[in-house]
Amino acid sequence: MTVGGAERIAVSSDQDVVRVRQLVRTVAVAVKLSLVDQTKLVTAASELARNTLVYGGGGTVEVARVENARRVGIRIVFADQGPGIPDLDLALTDGYTTGGGLGLGLSGARRLVDEFDIDTAVGQGTTISVTKWCR
């Protein structure tokens, strides 16, 4: 698999979350994701960038075009040095929330992408990698 032209955005404000959405949309158009898949990916990226800000205390988002022998896509990595997620299984359950929302953040984002990987440790932060492939 090859990764090309990664762009990184520091996330420390609501405006940075907007910048992440804009960058993801731009790269999604460039790799020719369908409009539906663009919308799914931007929605997932928006939720995960917001989580990076609100729960992780800020961090970074890296957006890159990826390709393998069969297709192209986008990989987005969200990283923070926040408190980590103490109960990952619970956090990935529909309806679970610590912030008073609908509780569809992590589980909803996971359903919107083709690949979802999360690495978290209490006191050490969280890294989430998502990939959406062109169909």
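**Exercise 1.** Determine the handedness with which α1 passes α2, and then characterise their packing.

*Solution.* Step 1: the crossing of α1 past α2 is right-handed (the near helix is turned clockwise from the far one by less than a right angle). The model is predicted, with local features requiring pLDDT of at least 70 and side-chain atom pairs pLDDT 80 or more, while totals for chains, interfaces and linings use all residues. Residues are numbered from 1 along each chain as its sequence is written, and side-chain values use heavy atoms, without hydrogens and water.

Step 1: helices are DSSP runs of H or I with at least four residues, and strands are runs of E with at least two. Between α1 (residues 14-30) and α2 (residues 35-54) the angle is about 155 degrees, and the axes lie 9 Å apart. The two helices are therefore roughly antiparallel (angle over 145 degrees).

Step 2: contact means heavy atoms within 4.5 Å. Residues of α1 that meet α2 include V17, V20 and V24; their partners in α2 include L41, A45 and A49.

**Exercise 2.** Which residues of the largest nonpolar core touch the most other members?

*Solution.* Step 1: a nonpolar core joins buried Ala, Val, Leu, Ile, Met, Phe, Trp, Tyr and Cys residues through side-chain atoms within 4.5 Å; buried means under 20% relative accessible area with a 1.4 Å probe, protein chains only.

Step 1: among the 33 residues of this core, those residues are V20, V24, V63, I74, I76, F78 and L106. The most residues, seven, come from α2.

Step 2: beyond its neighbours within four places in sequence, V20 contacts I9, V11, A45, A49 and V61.

Note on methods
Axes are lines fitted to C-alpha atoms, for helices over the stretch in contact, and angles run from 0 to 180 degrees between N-to-C directions. Angles under 35 degrees count as roughly parallel, over 145 as roughly antiparallel, 65 to 115 as roughly perpendicular and the rest as oblique. Buried means under 20% relative accessible area, exposed over 50%, partly exposed in between (1.4 Å probe, protein chains only).
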